[in-house]
Amino acid sequence: MVSELINANPTVYEKKERRVRITPADVDEYAVELIDQLEIFDILSDYCIDIKDPEHPYSLEELKVITEDAIELDAKRNYVRVTFTPTVEHCSMATVIGLCLRVKLMRSLPSRFKVSPLSCG
């Protein structure tokens, strides 16, 4: 039985070039690490290299499922919210992708951060 692809021709984007980040924690181990939108995006992008589209060999970053602009961060209130955009409206993997991204953030960010439930855009 051969099934048709749901998204036969996805739009593929170029990966964003990563910058080298030096934080106060690199210099002083007792310093509070500042977290910004780019830091969150880097955490998710590095993780999303391993998450591939089930129909194609592209990462979530290459398909723009996650973008830097879709990350809300309130560093004063220690609050993070990420909106991701599946490649198709009725994506069967949206729940799994959202859970994977949320668990990654909860494990990667300092415990002072509250990770809001992720949402589809």
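**Strand β2 and its surroundings**

Tutor: Let's start with a pairing: strand β1 (residues 71-74) runs antiparallel to β2, and 4 bridges link them. Strands here are DSSP runs of E with at least two residues, helices are runs of H or I with at least four, and both are numbered from the N terminus. Two strands count as paired if DSSP finds at least two bridges between them. Before going on, note that this is a predicted model, where local features need pLDDT of at least 70 and side-chain atom pairs count only at pLDDT 80 or more, while totals for chains, interfaces and linings use all residues. Residues are numbered from 1 along each chain as its sequence is written, and side-chain values use heavy atoms, with hydrogens and water left out.

Back to the hairpin. Leu73 has Val80 of β2 as its bridge partner. Between the two strands sit 4 residues, and Asn78 has a positive phi near 55 degrees.

β2 itself covers residues 79-84, with Val80, Val82 and Phe84 on its covered face and Tyr79, Arg81 and Thr83 on the uncovered one.

Strand β3 (residues 114-115) runs parallel to β2, joined by 2 bridges, and Lys114 in β3 is the bridge partner of Tyr79. Strand β4 (residues 119-120) also pairs with β2 in the parallel sense, over 2 bridges; there, Cys120 stands opposite Phe84.

Now for helix α3 (residues 94-108). Ala94, Ile97, Gly98, Leu101 and Leu105 are buried in α3. They cover an arc of only 100 degrees around the axis, so they lie on the same side of α3; that arc is taken from the directions from the helix axis to the C-beta atoms. The face turned away from the buried side carries exposed residues Thr95, Leu99 and Arg107. Buried means under 20% relative accessible area, exposed over 50%, and partly exposed in between (1.4 Å probe, protein chains only).

Finally, Glu62 lies in the loop between α2 (37-48) and β1. Glu62 is buried, with a relative accessible area of 18%.
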